[in-house]
Amino acid sequence: MAEAVLALEGLHKRFGALTATDDVSLTLRPGEIHALIGPNGAGKSTLIAQIAGSLRPDAGRILLGGEEITGLSVAARARRGLGRSFQVSSLAEPLPAIRNVMIGVQAQAGHSFRFWKPAERDPRLIEPALAALARMGLAHRAWTPVAELSHGERRALEVACALAMKPRALLLDEPMAGLGPEGSARLTELLESLRLEVPILLIEHDMQAVFRLAERISVLVAGRVIAHGDGDTIRRDPQVRDAYLGE
Ligand SMILES: Nc1ncnc2c1ncn2[C@@H]1O[C@H](COP(=O)(O)OP(=O)(O)OP(=O)(O)O)[C@@H](O)[C@H]1O
């Protein structure tokens with residue numbers, strides 16, 4: 001079996017008396033979409049924050065490409081290839097879509113562009129940014145201000161921004177949030193097309209999207225992984241039906 005791109009080993013996180021992450025281990029393999037699902041308050045955001053580096057686990061390890069990153073800052077993890085999009089929109093509204101993506105390209109390239117020429121006209125920034133936009137079906141909206149994009153286009157743009165950093169692994173925190181069935185179906189299709197480019201750890205409440213996209217699903221309840229497996233295994237698991245999926 002291929003080595004995991006991202007591995008969580010026995011992560012623990014407490015907030016006072018509350019154990020928000022209780023011995024969580026999981027892996028993300030090359031070419032895979034692995035979904036993390038669970039009811040509100042299960043600890044999904046707390047887990048993502050530990051992976052991204054904004055929250056330190058009390059115990060356990062996080063490995064990216066076999067290298068331990070548990071003690072690294074958010075920026076250092078991003079430089080090593082951990083990409084993420086956010087649950088709450090972090091886009092710069094007045095700027096055209098492409099400028100938002102170019103910030104990601106610039107970050108990935110380090111500081112070499114700073115004294116070059118106005119970033120806006122630098123083909124070394126524009127071309128990879130356009131490629132990331134095209135990947136997410138947004139080439140025709142490149143020069144449209146973010147404020148004029150639809151909600152679905154913004155969600156796709158957030159993924160494009162992360163893709164522009166050429167991540168080795170991508171964390172997506174509820175990318176379908178706020179999308180109607182049509183927008184959700186469109187974004188699902190786009191994410192499906194990314195599968196072989198970059199493995200994705202997907203936190204998502206939209207179960208149609210999860211079952212369509214994920215090879216493996218981990219179910220988090222009260223900080224613990226209570227079930228793990230492919231879509232059929234998870235659908236049939238009585239504990240999961242009880243705790244999350246209902247009948
Ligand atoms: N900074 C914090 N201090 C104290 N408790 C926290 C903190 N952050 C999260 N919690 C608690 O940890 C538990 C897990 O919360 P978390 O936000 O990770 O869940 P979630 O699965 O992401 O929920 P949702 O689906 O609603 O986003 C909750 O009981 C929450 O109240």
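## Confidence of the predicted model

Averaged over the protein chain, the pLDDT (the predictor's confidence in each residue, from 0 to 100) is 90, and 93% of the residues score at least 70. For the complex, the predictor gives an ipTM of 0.93 and a pTM of 0.91.

This is a predicted model, in which local features need pLDDT of at least 70 and side-chain atom pairs count only at pLDDT 80 or more, whereas totals for chains, interfaces and linings use all residues. Residues are numbered from 1 along each chain as its sequence is written.

Within H1, the residues Lys 44, Thr 46, Leu 47, Ile 48, Gln 50 and Ile 51 are buried, a residue being buried if 20 or more other C-beta atoms lie within 10 Å of its own, exposed if 12 or fewer, and partly exposed in between, with C-beta atoms placed from the backbone. Just after H1, Gly 53 takes a positive phi of about 110 degrees.

## Strand pairing

An open sheet of four strands has the order E2-E1-E4-E5, with antiparallel pairing, where two strands pair if DSSP finds at least two bridges between them. The edge strands of this sheet are E2 and E5 (67-68), each of which pairs on one side only. Strand E1 (residues 6-15) is joined to E4 by five bridges in the antiparallel sense, and Ala 7 stands opposite Leu 63 in E4.

Strand E9 (residues 216-221) is mostly covered, with five of its six residues buried. E9 pairs with strand E3 (residues 33-37) in the parallel sense over four bridges, with Ile 37 opposite Val 219, and five bridges join E9 to the antiparallel strand E10 (residues 224-229), where Leu 220 stands opposite Val 225. The hairpin of E9 and E10 has two residues between the strands, and in it Ala 222 takes a positive phi near 50 degrees.

Helix H4 (residues 123-135) has 13 residues and reaches 18 Å from its first C-alpha to its last, close to the 18 Å expected at 1.5 Å a residue, the expected span being 1.5 Å times one less than the number of residues. The buried residues of H4, among them Leu 125, Pro 128 and Leu 133, pack against H3 and helix H5 (151-163), contact meaning that two C-beta atoms, placed from the backbone, lie within 7 Å. Just after H4, Gly 137 takes a positive phi of about 70 degrees.

Leu 190, in helix H6 (residues 181-194), touches Met 136, Gly 137 and Ala 156, not counting residues up to four places away in sequence. Leu 190 is classed as partly exposed because 18 other C-beta atoms lie within 10 Å.
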